[in-house]
Structure formats: structure tokens, C-alpha cells
Amino acid sequence: MDYFLQQLINGLTLGAIYGLIAIGYTMVYGIIGMINFAHGEIYMIGAFISLIAFLVLGILGITWLPLALLIVLLAAMVFTAFYGWTLERLAYRPLRGSPRLAALISAIGMSIFLQNYVQLLQGARVKPLQPVIPGGIVLMEGTISVRFNYIQMMIIAATIVLMAIFSLIIAKTAMGRAQRACQQDQTMSALVGINVDRTISMTFVMGAALAAVAGMMVTLYYGVIDFFIGFLAGIKAFTAAVVGGIGSLPGAMLGGLLIGLIEVFWSAYFTIEYKDVAAFSILILVLVFRPTGLMGKPEIEKV
Amino acid sequence: MNPRSEPLGGAPLLQVEHLTMRFGGLVAIGDVSFEATDRKITAIIGPNGAGKTTVFNCLTGFYKPTEGRLTLNHPHKGPFLLERMEGFTIPQKADVARTFQNVRLFPAMSVLENLIIAQHNVLMRASGYTLWGLLGLKRFRQAEAGSVDLCRYWLDRVGLLDRADDDAGNLAYGDQRRLEIARAMCIRPVLLCLDEPAAGLNPRESAELNQLLLAIRDEHKIGILLIEHDMSVVMGISDYIVVLDYGRKIAEGVPEAIRNDPTVIKAYLGEAEEDELPPEVAADLARERASQAEG
């Protein structure tokens, strides 16, 4: 039981991170119908920016933890959002209106480019960060004590707060309404005076900002990052988005949690080597029985 | 008096001058000039394929005209050259709204949201491009309340107030058509372009539509540009009619004049005049007639 509980906490933490990345996939897919395969790299860049920000703050001597975390969070979100914006502007906007495959290939190209860019600038070696938020609370004493680390709490709390904020933006603000309108009919959106290009840019900015948060959390949680972390995390998050129903925000979060939990429980009870196989098998299973994902709406063709 | 410069005595709201639109070798519109006036309903009629919708597409920024000038004399903001403006700025800055021949709503949004979306730019400005709006500042909430009031007014006008929270995609066809007009009005346009608003409506709905359009013209004092096939609508409510055929303007004038115009009747009934046929065909036809007369 205690072992199960511990794995549940670990799984939720990992799932929250996947969920944050998956939202970026699902939002971009929703609005331009394209899989942004460079999104995993955006997340990796977010991780690097937060690492750099931590080091800079260390040099500057800002060591009061809440302030440091806040500054790192904002820096990571802002800079990564800028990367997301640039990515859309350079790699996708010129291809708007061309076949979807062109944008997809452009995305894969950007993904390779960004990996190599970070590798060249930062080196290929694994970058460590000493634990910033140590400790935690012990929920249950026993042969295996169940620990809920502060960092895990922070990840889950941050994810919940960000999900709430972004759901609010999508549901209630003019920006979110414009995003939903562009999802449904871009031509008509332009005709009610919505700047479609800017709305799409904003979607990339929002997705990148959330990926940056995920990147920062991973840097804090695992303490090591390298230029290649975006690849697998990106594919997992993409899987999460598809499992949840691509285009659906709550679906992405649910898919993320599901993938995180499955991965953790599989490694805990079966073999750690096959955890990725387990995660992707779920993708296949879900797609066989619910092709639109768990929360996706089937596209109904009106006759 | 030149009927073109002053169709019915008002200031020309929209001046279309020498509009030409070519798609490769196809001339969709050839040198069409007309005007639409404030507080008047100007109808564009013509047989299928006459280029009516193409005129609308040029006006609303879908197509860049090959030649010609489209001037919108905005009563408050001054003139706009529509052919030079980027698509979304035409409703945003020049306040031109349009509807489509096939209804285009946002089906997965509620009826009310379909109208609020037309207030997008007002709300974006008021919300400080989302940042302040998220904090729920008073200014934004006031602006939003104002927008919702406007939308409710139009919902009431088109009789859809009790369906405000339903998904727009679930409305009946006639309701969707009226909602589309309401949405266009929520942009607060100075020129409303309606592409066949009566298509698919039953006679009662069509009559209601006439009343609505007349009310919009009289109460809101905007210009309406109307493409329509339904002659009862056209003759019933338009103040001025422009007739297109094969991309060219063949007549314009008040409804009574158009009704009796021989060129218009010919275009609609397809009477083939021999002098308009290619010479060899006309010659063949004449020979055939001659042999028949002899036989």
C-alpha cells in the first residue's frame, strides 16, 4: 500500500509535467491543425533557460528561494515564449496555406535544428543542478516511508494553478474566444475583425510558456538536463495529447496524467526497461477503441 | 443629372470604381462601377455566375482586385481604400461587415458568444490585450457588460434571446441566418454586405427578413449592400439596384426602372438576340430560317 502510494505521487508529478507539455501540442493542433514536432525542443530550451537563470541568480547572490523561483519561472516563460513566437514566425507562418505536410516537415526540421543549436551552444554533456528545494513531508512511516517532496508538491500545485489560469483565458477572455473562433473558421474570424495571424502567434506563445514551466520543473525535479531531453518528453506529451483527444485542453491534462501514471507504475511493478513500451501501448489501445481520444469530440460530417 | 454620383440624394458611402477581377484568363468582374449610399439598401442582382459574390469578396479583402478602386467613406473615420487593406482590418477599422451565401457561424460556440466574438477588438483593447482582463479590472468588466448588452439587444431583435446559451450549430436554418446578420451588426458596421440573406427561407421568414433589413436601415442609419435572387426581397426593399451579367454592369436604377429594363429582362430570360451571336452562327441561323420560310 505504502509502495503504491509513493508511486502514485511520483506518477502524478510526472504526469503533471507531461500534461503541461501536452497542452502546447493540443492548442497548436486545435488552431492550425498541425503537430508542432518542435514543441519538445521548446520544452528543452525552457529547461536550459531556467538552469541558466538559476546559475545567474546564484552569481548575483539572490538566494531567497521564493523570489529566486519566481524570477526563474518568469524568465523561463518569457524567453521560451519568445522562442515559440519566433518558431511560428519563421518556420510555420510562411507555410500557411501550403499542404499540411510541408509544415510538418518544417516542424521536424526545426526540431533537429533546435537540438543541434542547444548542443552547439551548451555542449552535449549532461548539465547538473544541485537540489534547490530539498526535503518533503513523510506521509506514512514504515518499511518504505511514503514521502511527498516539496518539489513534487510545487509541480502539482503549479500545474493546477496554470491549468486554471489557461482554462480561464480560453473560456472567458477575448483572446481565448478569438482562439476558439480561429479553431472553427479562420476566414470568418478575420471577417469579424480578429487578427488571425496574431491569434495563432499567441497560441504558440502560450504553449511555449507552459512548456517552459514544465522544463523548469524537470530541471528542479531531476536535477540533470541535456540537449536531448526534448525528444522523448515531446513524444510522450504528444502521446498524452492524442490519448486525451487532440484539441481538447482537459484531455491533454488527463492524457498527461495517464501516461505519467502508467509509466511510473509499470516501472514500479514490472520492468523499468519497458516503461516507454507501456506508455505507447496505451496510445494504441486508446486509439483502437476511441479514435478521437478520451475527451476528443468526433468530427460529425453534416450531410 | 448623373444618376451614378448621387443615386438617391445621399452621400456615397461606398464608391466602387472600375473594379476588375481576373482569374488567369477569366474575367470575373470587368470594369464595374457603382455606389452604395448611407441609409439605403443597394441590391446587386444578376444571373448565376454574374460575379456578385466576387464583388463582395473584393470588398471584404478575400481577393485583391486586379484593377479598380474601392473607397469607403466612413462617416466618422474618413475614407478607406478597401482594396489596399489587409483582410481582418476591413471589419476592424473600416467597419464593413458581411454575411455568407452559405451560413458561416461558429457552430461550437454558444449563440451569445457568436455575437460577442464580433466585439473582439473592443474587448481586446479594454482588456489590455488579455493581461488586465485576467485580473478582472473594472474597466474590462464594464466593457464586457457593454458588449453583452449590445449582443443581447441584437439577439432580441432577431428573436433568439431565449436560445442565447445554445450552441449555434443546433439552431434551425432560418435562425442561423438571422444570427449571422445579428453577428454582422455586432461589429457596429457602417456598411453591411449581405450575400443572399433570403436563400433557403420560407415566405414568412423572408418577409420577416425584409422587415429586419428595413429596420436596420432606418434605425441604425447604415448602408446595406445586398446580393439577392429572391425578387420579392429585391423589389420589396431595395432603394437602388445594380444589375450584373457575365461580370459586367448592364443596368442600374431604382426598382421600377429595373423591372422594366429590356436588357435586364433579356439577361434573366436568356433571350438570344441574333446580332449578339457569333457571325457564322447568325449566318447559319438566317439561312435555316430562309429555307424554312421557302419550304
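Select B:Arg104 and B:Phe100: the arginine lies over the face of the ring, at 4.8 Å from the ring centre. B:Arg98 also lies over the face of B:Phe100, at 4.2 Å from the ring centre. A charge is taken to sit over a ring if NZ of Lys or CZ of Arg is within 6 Å of the ring centre and within 35 degrees of the ring normal.

This is a predicted model, in which local features need pLDDT of at least 70 and side-chain atom pairs count only at pLDDT 80 or more, while totals for chains, interfaces and linings use all residues. Residues are numbered from 1 along each chain as its sequence is written, chains are lettered from A in the order in which they are written, and side-chain values use heavy atoms, without hydrogens and water.

Next, display the aromatic rings. Rings of Phe, Tyr and Trp (its six-membered ring) pair if their centres lie within 6.5 Å; planes under 30 degrees apart are stacked, over 60 edge-to-face, and the rest tilted. Over all chains, 16 aromatic pairs are found. One of them, A:Trp266 with A:Phe270, is tilted, at 4.7 Å centre to centre and 40 degrees between the planes. A:Trp266 is partly exposed at 31%, whereas A:Phe270 is exposed at 57%.

Move to B:Tyr153 and B:Trp154, whose ring centres are 5.2 Å apart and whose planes stand at 80 degrees, so the pair is edge-to-face. Here B:Trp154 is buried at 2% relative accessibility, while B:Tyr153 is partly exposed at 32%. Returning to chain A, select A:Tyr3, A:Phe4, A:Phe265 and A:Tyr269, which ring pairs link into a cluster.

Four strands form an open sheet in the order 2-1-4-5, with antiparallel pairing; strands pair if DSSP finds at least two bridges between them. Its edge strands are strand 2 (26-37) and strand 5 (78-81) of chain B, each pairing on one side only. Strand 4 (residues 67-74) of chain B pairs with strand 5 of chain B over four bridges, and B:Pro79 in strand 5 is the bridge partner of B:Asn73.

Finally, show the largest nonpolar core, of 152 residues, where A:Leu220, B:Leu179, B:Leu192 and B:Ile216 have the most contacts. Helix 8 (residues 196-222) of chain A gives the most to this core, with 16 residues. Such a core is a set of buried Ala, Val, Leu, Ile, Met, Phe, Trp, Tyr and Cys residues joined through side-chain atoms within 4.5 Å.

Notes
Helices (H or I, at least four residues) and strands (E, at least two) are DSSP runs, numbered from the N terminus. Buried means under 20% relative accessible area, exposed over 50%, partly exposed in between (1.4 Å probe, protein chains only).
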